[in-house]
Amino acid sequence: MSKRWIGTSVDIDADLKTVWQILMDFPAYPNWNPFIRSIEGEAHQGSRLSVLIQPPGQKPMRFRPLVQATDGRTSFGWIGNLLVRGLFDGHHQFELQPHGRGTRLLHRESFSGLLVPLVWSRMESSTRAGFDAMNRALKARAETPAGKD
């Protein structure tokens with residue numbers, strides 16, 4: 001089975017609590033997030049989400065991942081798949097770490113499954129660009145007074 005991954009990070013001049021609150025405020029995503037346009041559901045391990053993503057230059061795509069891990073303050077992740085497990089699976093993760101007087105966001109996803117080699121060249125650059133766009137938008141939101149626009 002083929003496996004690939006995308007890993008990005010951004011340093012944010014805001015404390016962990018502020019960044020976490022923005023990251024977990026799903027109803028506000030349409031107001032600031034250019035990549036993950038919406039998330040519906042609860043961030044509890046084992047729950048299903050409805051996620052709408054739109055990589056730059058691509059059509060929006062909705063999927064229903066399962067929350068795989070969360071510690072309620074620094075890490076959150078889900079696993080989603082296309083149709084059936086093993087065809088095209090994505091394990092998406094957000095991890096916050098203290099960094100200097102601020103926070104470092106590690107934003108990554110591992111992809112596995114039979115279709116990965118067939119679609120990787122078409123999706124890798126736009127997905128990475130989407131991660132980077134989200135990272136920049138989260139940084140801008142967290143670094144404004146009270147985390148607001």
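Is L114 buried or exposed? L114 is exposed, with a relative accessible area of 61%; exposed means over 50%, buried under 20% and partly exposed in between, with a 1.4 Å probe and protein chains only. This is a predicted model, in which local features need pLDDT of at least 70 and side-chain atom pairs count only at pLDDT 80 or more, while totals for chains, interfaces and linings use all residues. Residues are numbered from 1 along each chain as its sequence is written, and side-chain values use heavy atoms, with hydrogens and water left out.

**Around L114**
- L114 sits in the loop between β8 (102–112) and α3 (116–143); helices (H or I, at least four residues) and strands (E, at least two) are DSSP runs, numbered from the N terminus.
- Not counting residues up to four places away in sequence, L114 touches G86 and L87, where contact means heavy atoms within 4.5 Å.
- P27 is 87 residues from L114 along the chain, and their C-alpha atoms are separated by 34 Å.

**Nonpolar core**
- The largest nonpolar core has 37 residues, of which I36, F76 and W78 touch the most other members; such a core is a set of buried Ala, Val, Leu, Ile, Met, Phe, Trp, Tyr and Cys residues joined through side-chain atoms within 4.5 Å.
- α3 supplies the largest share of this core, 8 residues.
- Beyond its neighbours within four places in sequence, F76 is in contact with residues including W20, M24, F26 and H92.

**Sheet**
- Three strands form an open sheet in the order β2-β3-β4 with antiparallel pairing; two strands pair if DSSP finds at least two bridges between them.
- β2 (36–40) and β4 (61–63) are the edge strands, each pairing on one side only.
- β3 (residues 50–53) is joined to β4 by 3 bridges, and V51 has F63 in β4 as its bridge partner.
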